Amino acid sequence: MIVSADADVTKCVLQSDSRSFVPSYPRSLTELMGKSSILVINGSLQRRVHGLIGAFLKSPAVKVRLAGDMQRYVRQSMAGWEDGQVVRIQDEAKNIIFRILVKGLIGLEAGKEMELLKQEFKEFIAGLMSLPMKIPGSQLYKSLRAKKKMVRVIKSIIDEKRRRNLQTSAGGSTPTDVVEVLINDSGDSDRWITDDLISDNVVDLMIPAEDSVPVLVTLAVKFLGDSPIALQQLQEENMFLKEQKKLAGEDLQWNDYMSLSFTQHVITETLRVGNIISGIMRKAVRDVEIKGHLIPKGWCVFTYFRSVHLDEAHFDEPYKFNPWRWKDKEYMSSCNFTPFGGGQRLCPGMDLARLEASIFLHHLATNFT
């Protein structure tokens, strides 16, 4: 294993194709994700699945719908908060983000199936970084069993969607969730996009709801709490937009949230300081030379984002939470900042993650002290 703390090496590894590096993860993680996971597959199939999901999440109609759903879920959650009550931000964020992701992935609303998925998902995710022992009683065994239960629920939803398409002859209709995108693209002649591939990837795409976006929201709240000047500027920016929309009699849309420049700077700086994803692992499929260093075939590279993001050679006072630094647009375009990975495996839900954090912070900052 080679650990890279160098931004240029990280860029080379992230931008490489499957002829140089392929994903490599601990055995427990690959066992749970399955062979058809978007995080594991390579080549044309990976590009196709990644492209389909990314294009769907970026489409204007989906942005409008997801922004509306997210606002509704946040308002419902925060409506129950009272003076003097202890609110556990990460737990609240997990509940909200899980609901929005499941709705966007399989079109499921709150109910028994949603609760079953949430319960089994907690067991599933507990085994991602566990001892790779598949024996009864081990965490990996429990997590694999939980995934099987989730896959059964998802496959029943896939079957229902296929039946509905046949009955209404709506196979070419506009998809409303990721499952419908993949079903519509698979067709009868496609032997690659199978129900197993669809269900495996739906489960894997739920991971950000538990593991990354709620942590991003929680750390943003923590850093703002430690920085009164940043909190004040964020509140002023969001209150101004809220009042404008109120006078116009309009609800906030996706673009409204993304236009909150200082709020976006806060999210960006939280990603840099917090390093929710600390790095990624790739295995060399041939001898690769980068910056005069030989990476032998079969060796793994861990590109350690945290070292790059907290390197004083790239950022002034790197351990200081300073959202104002992102006024300099050159930071954003450099290879020194890669919280969502890069290359053809750039996180397809990165804009959605920013939207979810923006909506949560907007409603928190404009309704509570």
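The model is predicted: local features need pLDDT of at least 70 and side-chain atom pairs count only at pLDDT 80 or more, whereas totals for chains, interfaces and linings use all residues. Residues are numbered from 1 along each chain as its sequence is written, and side-chain values use heavy atoms, with hydrogens and water left out.

**Helix H5 and its partners**

Helices here are DSSP runs (H or I, at least four residues), numbered from the N terminus. Let us start with H5, which covers residues 89–106.

| Pair | Axes come within | Crossing angle |
|---|---|---|
| H5 and H17 (residues 350–367) | 12 Å | roughly 130 degrees |
| H5 and H11 (residues 213–225) | 8 Å | roughly 140 degrees |

Angles under 35 degrees count as roughly parallel, over 145 as roughly antiparallel, 65 to 115 as roughly perpendicular and the rest as oblique. H5 is therefore oblique to H11.

The crossing of H5 and H11 is right-handed, meaning that the near helix is turned clockwise from the far one by less than a right angle. On the H5 side, the contact (heavy atoms within 4.5 Å) uses Ile-89, Gln-90, Ala-93, Lys-94 and Ile-97, and these meet Val-213, Pro-214, Val-215, Val-217, Thr-218 and Val-221 of H11. By class, there are 8 nonpolar, 2 polar and 1 charged residues in this contact. Here Ala, Val, Leu, Ile, Met, Phe, Trp, Tyr, Cys and Pro count as nonpolar, Asp, Glu, Lys and Arg as charged, and the others, Gly among them, as polar.

With H17, H5 also makes a right-handed crossing. Leu-352, Glu-356 and Phe-360 of H17 are in contact with H5 residues including Ile-96, Ile-100 and Leu-101.

**Helix H4**

H4 (residues 60–78) has 19 residues and reaches 27 Å between its first and last C-alpha, close to the 27 Å expected at 1.5 Å a residue. Its buried residues (under 20% relative accessible area, 1.4 Å probe, protein chains only) include Leu-66, Asp-69, Tyr-73 and Met-78. Among the elements covering them are H3, H5, H13 and H17.

**Glu-180**

Glu-180 lies in helix H8 (residues 178–186), and it counts as buried because its relative accessibility is 15%. Beyond neighbours within four places in sequence, Glu-180 touches Lys-161, Arg-164, Thr-174 and Pro-175. Leu-105 is 75 residues from Glu-180 in sequence, yet their C-alpha atoms are 8.7 Å apart.

Definitions and conventions: Axes fitted to C-alpha atoms, helices over the stretch in contact; angles between N-to-C directions. Helix = DSSP H or I, 4+ residues; strand = E, 2+ residues; numbered from the N terminus. Expected span 1.5 Å × (residues − 1). Buried < 20%, exposed > 50% of the residue type's maximum accessible area, 1.4 Å probe, protein only.
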